[in-house]
Amino acid sequence: MDIRLGTRTGRWVVLTTVLGSSMAMLDSTVVSVALPRIGKDLDADLAALQWTVNAYMLALAGLILLGGALGDRFGRRKIFVIGVVWFAVASLLCGLAPNAGILIVARALQGVGGALLTPGSLAIIQASFHPDDRARAVGLWSGLGGVGAAVGPFLGGWLVDGPGWRWVFLLNVPLAALCVPVALKHVPESKDPQAHGRFDVLGAGLAALALGLVTYALIEAPERGASALVVGSAAVGIVLGAGFLYVEKERAAPMMPLTIFASRQFSAINLVTLCVYAAFSGFFFLTALQLQVVVGYSALQAGTALLPTTVLMLFLSAKSGEVAQRIGPRIPLTVGPLLCAAGMLMMLRVGEGASYVVDVLPAMLVMGSGMVTLVAPLTATVLASVSTGRAGLASGINNAAARAAGLVAVAALPLLAGMGPEAYRSAAEFGETFRRAMPMCAGLLVLGAVIAWATVRVLEPERERDVPECKVHCGVAAPPLERAGGGPRPPAVPPGP
């Protein structure tokens, strides 16, 4: 397709993809602010709140590569629209959920919708616009998405304190009602002519089950201890994880070809990603609770308190990428995690009676500065560590790895910090365990910095010029998806004998 950005159709395409991706982006930033109110209204314990976050991340992490493959095969607009509708219906179920169990199931369904629409929004931009306008279209899409992410915590807090936490989810329904007809009328269909064969459904299923069982064991361990169910779930999850690796190794064209890890730099940067995004997810999950349960903030105040990190990412990501191109990624990927670790340790001062200006804001600014320093170079290094034709696949794997790390962190940190099922109902108990959890998150970041310093090397000059990165805004929840050169992800499996 050769749509020009300045045309009416071009503007409609950008609007549609921004609306769709904003649904998933807003959801990832506003739900944590609503957790204390959800727990109170539904009489849910800490495990239920963990699952409220993790059910969504589990489905998204396990299926996001498959979602990209479905769009390449059957049509990116078609899968994008299905994802938006699916996400909206699941959001409606979340908003109407009468108890925590139904909310958790609906959140998992939301994750499935997110896995369908998230890869499609950028893929539509890349496939629809004239090459001369493509970079500007991606920048506009990314910038508007960044504004949505920055508004997310504030909007979530306002909804929770005003109409109620259910509107955090119900807001997606009118957004979808606007997005779908515009997409059907104005967005051209596109496919990858090289996509063929069967999909790696077995690989996706094994990955999701493995993550789900390990997560279940970690979340249930504080209450059930080393029971047969907890130990058995962990053991079966590990076995299924090994089975996933075996399947991916043996298939001709798997969802996650293990040959991509032959690049030492790609393997190393994914280890850094695991450390960094595990720490980020644990930090934001626990901090949203700490600010409300211990400090006594309203949901709106807590959401506003988290804004500095996202605002810094919005305005400084492009500059960070430019600096990293000049000096190389090794220093930013070492300094960035260390700054984030310092910010997390500064949060140890945030307890009952804490001052926002003296205690909370400095920690958030240091944290945000570290995120700005590391995220854009991390994305660029992932893409530079593989051939151009595999950049889309590399980005998808890196994005899924970050979400899987966040999933495990949200499950494991309360266990490691000694949080009981009712910890979030007690300011004293939660504050004590929060102080134990922050050094753990900081330790993960220090480990990521050490790995980066020891393994990351300067990018080859001829590769640097063609490496796309977060030109306008980098996401907080996971590294951005990229489709360098429009190359397709190769996750489909040829027909069997």
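Which residues does Leu-213 touch, not counting residues up to four places away in sequence? The reply is Ser-233, Ala-234, Val-236, Gly-237 and Leu-240. Bear in mind that this is a predicted model.

## Around Leu-213

Leu-213 sits in helix 8, a stretch that runs over 201-224. Its relative accessible area is 24%, so Leu-213 is classed as partly exposed; the cut-off for buried is under 20% and the one for exposed is over 50%.

Along the chain, Leu-213 and Ile-238 are 25 residues apart, and their C-alpha atoms are separated by 8.4 Å.

## The chain as a whole

Now zoom out. The protein chain has 17 helices and 2 strands. For 497 residues, a compact globule would have a radius of gyration near 23 Å, and the protein chain agrees with that at 21 Å. Taken along the principal axes, the box filled by the C-alpha atoms is roughly 60 × 50 × 50 Å.

How much of the chain is buried? Buried residues come to 60% of the 497. The accessible surface of the protein chain is about 18500 Å², and carbon and sulfur atoms own 68% of that area. As for how the chain meets itself, take the contacts with a separation of 6 or more: 85% of them are between residues 24 or more positions apart.

## The second largest pocket

What is the volume of the second largest pocket? It is about 870 Å³. The lining of this pocket is made up of 33 residues, and those nearest its centre are Leu-211, Leu-274, Ala-401, Ala-404 and Ala-405.

At least two lining residues come from each of helix 2 (46-74), helix 8 (201-224), helix 9 (228-250), helix 10 (264-293), helix 15 (391-417) and helix 16 (427-455). Helix 15 gives the most, with 10 residues.

## Buried spots

Thr-287 is a residue of helix 10. Is Thr-287 buried or exposed? Its relative accessibility is 0%, so Thr-287 counts as buried. Leaving aside residues up to four places away in sequence, Thr-287 touches Leu-306, Met-347, Met-364 and Phe-434.

Val-84, in helix 3 (residues 76-96), is another case: Val-84 is buried because its relative accessible area is 0%. With residues up to four places away in sequence set aside, Val-84 touches Gly-20, Met-23, Leu-117, Ala-176, Cys-179 and Val-180. Ser-21 is 63 residues from Val-84 in sequence, yet the two are 8.9 Å apart in space, C-alpha to C-alpha. Then there is Ala-380, which belongs to helix 14 (residues 356-384). Ala-380 has 7% relative accessibility and therefore counts as buried. Between Ala-380 and Gln-325 there are 8.8 Å in space, C-alpha to C-alpha, for 55 residues in sequence.

## Exposed spots

Lys-249 is in helix 9.

Asp-43 lies in a loop, the one between helix 1 (8-42) and helix 2. With 61% relative accessibility, Asp-43 counts as exposed because the cut-off is over 50%. Most residues other than glycine have a negative phi. The phi of Asp-43, though, is positive, near 55°.

Key
Residues numbered from 1 in each chain as written. Predicted model: local features only at pLDDT ≥ 70, side-chain atom pairs only at ≥ 80, totals over all residues. Heavy atoms only, no water. 1 Å grid on protein atoms, 1.4 Å probe; cavity = no way out; pocket = protein on both sides within 12 Å on 5 of 7 lines; lining within 4 Å. Points joined across faces, edges and corners; volume = space filled by probe spheres on them. Helix = DSSP H or I, 4+ residues; strand = E, 2+ residues; numbered from the N terminus. Buried < 20%, exposed > 50% of the residue type's maximum accessible area, 1.4 Å probe, protein only. Contact = heavy atoms within 4.5 Å. Rg over C-alpha atoms; globule rule 2.2 N^0.38 Å. Areas by Shrake-Rupley, 256 points an atom, 1.4 Å probe, with all protein chains shown as cover.
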